[in-house]
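Okay, thanks for coming, everyone. Let me put the structure up, and then I'll walk you through a few spots I'd like us to look at together.

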Amino acid sequence: MKPPAKARKSPAPKRPAVMTGAAIPMLLWPPDEDRVEIIFERLSAVMPDPKTELNYTNPFTFVVAVALSAQATDVGVNKATDRLFRVADTPAKMLALGEDGLIPYISSIGLYRNKAKNVIALSRIVLEQHGGEIPLDREGLQALPGVGRKTASVVLNEMGVEPAIAVDTHVFRVSHRLGLANAATPDKVEAQLHRIVPEDWLPKAHHWLILHGRYTCTARRPKCSACVISDLCPSRAGLAALGEAA
């Protein structure tokens, strides 16, 4: 006789995640206006002058730095551009360097070959079509190779052109955990944030959310005990129950 077949175990249910990190509850939207106001008041108190952590010397080098930062850390990009921008801080100098000359400077960064191709191509366009000056409008920026909506938003915000919010993994995660957004794509989260963030906080909201996600509301084991807005966070109890909050 054959031994009785073992009962199949049902697979463990997968917990939903927001791009990276622990599960988050589905929250009603839009959030309470007073709570949103207090969130940004507190973030502004601990980060009164938030800025990009990418090093740059002019709009051109900033566009290059942001383009290089895709799927890379700001620290890693800064190490590469510290040497690069000493020899090529204008479109003309970058074009003179060429792809083969650029690659050794950025080979420590992910996807460096494709990024080198884009940086040289955008340098040529800026030089030939814009007189060597970076176009500081969304249409002109997004027409540059390697510059998508998110990169354009970062540049426009940093240059003070518009209070854009670039939704990267940090902004996406933090916005969902705090209940500031519940949409499934970065573009839709961006639209939701523009609808609910008070006008006075918009110019710096992008930086506050990124830095909060990078150093406090991290993907794994967020530092809830050190968070200035933890009492306003609808996700804290769930993270603690799962043992994923510090």
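Predicted model: local features only at pLDDT ≥ 70, side-chain atom pairs only at ≥ 80, totals over all residues.

Setting aside neighbours within four places in sequence, I120 makes contact with M94, L95, G98, E99 and L102. There's also P145, 25 residues away along the chain, with its C-alpha atom 8.9 Å from that of I120.

Now over to α4, residues 91-106. It has 16 residues, yet its end C-alpha atoms are only 16 Å apart, where a straight helix at 1.5 Å a residue would reach 22 Å. Where is the kink in α4 centred? On G98, and the angle is about 95°. G98 is also one of the residues that I120 touches. The buried residues in α4 are P91, M94, G98, L102, I103, Y105 and I106, and they pack against α2 (59-68), α3 (74-87) and α5 (112-129).

Last stop: S175, in helix α8, which covers residues 169-177. S175 has a relative accessible area of 0%, so we call it buried. Again leaving out neighbours within four places in sequence, its contacts are L180, A181, V189, L193 and L209.

Okay, that's my tour. Over to you.

Notes: Residues numbered from 1 in each chain as written. Heavy atoms only, no water. Helix = DSSP H or I, 4+ residues; strand = E, 2+ residues; numbered from the N terminus. Expected span 1.5 Å × (residues − 1). Bend = angle between axes of the 7 residues up to and from the residue. Buried < 20%, exposed > 50% of the residue type's maximum accessible area, 1.4 Å probe, protein only. Contact = heavy atoms within 4.5 Å.
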